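Here are my notes on the model you sent. They run from the overall fold to a few single residues.

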Amino acid sequence: MERARIQIISSYRETYKEINSLIAADLSGTEIKMTGRLISKAEKLDVLKGDGEINDKVYFR
């Protein structure tokens, strides 16, 4: 389930080039806290790279 959610986020990012956690939460159907953990894991797996401060952070590849 977690991999599927990361894949959804990654697919969106491929189309739109960047994503933020609010959009990722909406797409994955998870709470913002869970989305933060998913994005953090995706960064560690080198699926996404983040840029910006905590509240204004965007993710891209």
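What radius of gyration would a compact globule of 61 residues have, and what does the protein have?

1. Overall dimensions. This is a predicted model, and the points below should be read as such. For 61 residues a compact globule would have a radius of gyration near 10 Å; the protein has 10 Å, so the two agree. The C-alpha trace spans about 25 × 20 × 20 Å along its principal axes.

2. Burial and surface. Of the 61 residues, 26% count as buried.

3. Fold. The protein has three helices and three strands, and their pattern along the sequence is α-β-α-α-β-β. Among contacts with a separation of 6 or more, 39% are between residues 24 or more positions apart.

4. The three strands make an open sheet with the order 1-3-2 and antiparallel pairing. Strand 1 (18-19) and strand 2 (49-51) are the edge strands, each pairing on one side only. Two bridges join strand 1 to strand 3 (residues 58-60), again in the antiparallel sense. Isoleucine 19 stands opposite tyrosine 59 of strand 3.

5. Arginine 13. This residue belongs to helix 1 (residues 2-16). Is arginine 13 buried or exposed? Its relative accessible area is 9%, under the 20% cut-off, so arginine 13 counts as buried. Apart from neighbours within four places in sequence, arginine 13 is in contact with Glu18, Ile19, Val47, Leu48, Tyr59, Phe60 and Arg61. Of these, Ile19 and Tyr59 are the pair that stand opposite each other in point 4.

6. Backbone at two loop residues. Most residues other than glycine have a negative phi. Lysine 17, not a glycine, has a positive phi of about 70°. Lysine 17 sits in the loop between helix 1 and strand 1. Because its relative accessibility is 65%, over the 50% cut-off, lysine 17 counts as exposed. Aspartate 46 also has a positive phi, of about 65°, and is not a glycine. The loop that holds aspartate 46 runs between helix 3 (32-44) and strand 2. With a relative accessible area of 36%, aspartate 46 is partly exposed.

7. Charges. There are 11 positive and 10 negative charges in the protein.

Note on methods
Residues are numbered from 1 along each chain as its sequence is written. This is a predicted model: local features need pLDDT of at least 70, side-chain atom pairs count only at pLDDT 80 or more; totals for chains, interfaces and linings use all residues. Side-chain values use heavy atoms; hydrogens and water are left out. Helices (H or I, at least four residues) and strands (E, at least two) are DSSP runs, numbered from the N terminus. The radius of gyration is taken over C-alpha atoms; the globule rule is 2.2 Å times the number of residues to the power 0.38. Buried means under 20% relative accessible area, exposed over 50%, partly exposed in between (1.4 Å probe, protein chains only). Contact means heavy atoms within 4.5 Å. Lys and Arg count as positive and Asp and Glu as negative; His and the chain ends are not counted. The place of a charge is taken as NZ of Lys, CZ of Arg, CG of Asp or CD of Glu. Two strands pair if DSSP finds at least two bridges between them.
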